[in-house]
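Let's walk through this one together, starting with the charged pairs and ending at the ligand. Have the model open as you read.

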Amino acid sequence: MNLILFGPPAAGKGTQAKRLVAERGMVQLSTGDMLRAARASGSELGQRVAAVMDAGGLVTDEIVIALIEERLPEAEAAGGAIFDGFPRTVAQAEALDAMLAKRGRKIDRVVRLKVDEDGLLARVAKRFAEEGRPDDNPETFKVRLAAYNAQTAPLLPYYAAQGKLAEVDGMGTVQEVAAGIDGALGSVPA
Ligand code: AMP
């Protein structure tokens, strides 16, 4: 099964993806994690994306599409991928559909974690205090949220038109959100 966890930054996608990895043996494909790893390694790619990430903007489609393509065989071998933070633009979504189709695969379900912006701001302030991720600082987070609303939210009708979109309340406890996601995946064969 290939699943997209969809929602604004700090909606809880990473937490839920890690749980699904532990419970279902799927592979989490987080472009944010991949980009942070590239930066930590000091690679040329890491240096190229640093400024955009620190400003809260989106790196180019070309870069993230290539990162995902590289990891698809591994996800297939594990029985499926959880896409976390990808796709974030219509061009990325179209590229993902094409890459999967070329391999005889498809997206089975898109689970949108619905959250309210005030709740998110509070959640991120807490995460910033605990983890100190530079792009969680309140000013940069607002830019990330604006990027989501302008460039990523328009994907919702794209997936709704394919009949793949399920919505789950993302403001509950981790366990409540997990139960909502499991319910949304219930009708998809493993
Ligand atoms: P995240 O951890 O998913 O919030 O990603 C952190 C940052 O990495 C984002 O604010 C973007 O700068 C960059 N990034 C991650 N995924 C993507 C993507 N699919 N497209 C463009 N930029 C991305």
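**From salt bridges to the ligand**

Searching the whole structure turns up 19 salt bridges. Keep in mind as you look around that this is a predicted model. The idea behind such pairs is simple: side chains of opposite charge can pair when their charged atoms come close. Take Lys-106 and Asp-108, whose side chains meet in a salt bridge with N and O 2.6 Å apart. Another one joins Glu-167 to Lys-114, and here the closest N and O atoms are 3.7 Å apart. That pair ties together distant parts of the chain, with Glu-167 in strand β5 (residues 165-169) and Lys-114 in strand β4 (residues 109-114), 53 residues apart.

Now for the ligand. The space it takes up is the largest pocket. There are 16 residues around the ligand, and the ones that come nearest are Thr-31, Arg-36, Gly-57, Gly-85 and Gln-92. By type, the shell splits into six nonpolar, five polar and five charged residues. Helix α2 (residues 31-41) supplies the largest share of that shell, with four residues.

Which atoms of the ligand do the side chains reach? Zoom in on three of them. Thr-31 places a polar side-chain atom 2.8 Å from a nitrogen atom of the ligand. For Arg-36, an N or O atom of the side chain is 2.9 Å from a ligand oxygen atom. Arg-144 also has a polar side-chain atom by a ligand oxygen atom, at 3.0 Å. As for how wrapped up the ligand is, it has 480 Å² of accessible area on its own, and the protein covers 96% of that.

Key. Residues are numbered from 1 along each chain as its sequence is written. This is a predicted model: local features need pLDDT of at least 70, side-chain atom pairs count only at pLDDT 80 or more; totals for chains, interfaces and linings use all residues. Side-chain values use heavy atoms; hydrogens and water are left out. A residue is near a molecule or strand if one of its heavy atoms lies within 4 Å of it. A polar contact is a pair of N or O atoms within 3.5 Å; within protein, one must be able to donate a hydrogen and the other to accept it, and residues adjacent in sequence count only if both atoms are side-chain atoms. Accessible areas come from the Shrake-Rupley method with a 1.4 Å probe; for residues, only the protein chains shown count as cover. On a 1 Å grid over the protein atoms alone, a cavity is a set of points where a 1.4 Å probe fits but cannot get out, and a pocket is an open set with protein on both sides within 12 Å along at least five of seven lines; lining residues have an atom within 4 Å of a point. A molecule sits in a cavity or pocket if more than half of its atoms lie within 2 Å of its grid points. Helices (H or I, at least four residues) and strands (E, at least two) are DSSP runs, numbered from the N terminus. Ala, Val, Leu, Ile, Met, Phe, Trp, Tyr, Cys and Pro count as nonpolar, Asp, Glu, Lys and Arg as charged, and the others, Gly among them, as polar. A salt bridge is a side-chain nitrogen of Lys or Arg within 4 Å of a carboxyl oxygen of Asp or Glu.
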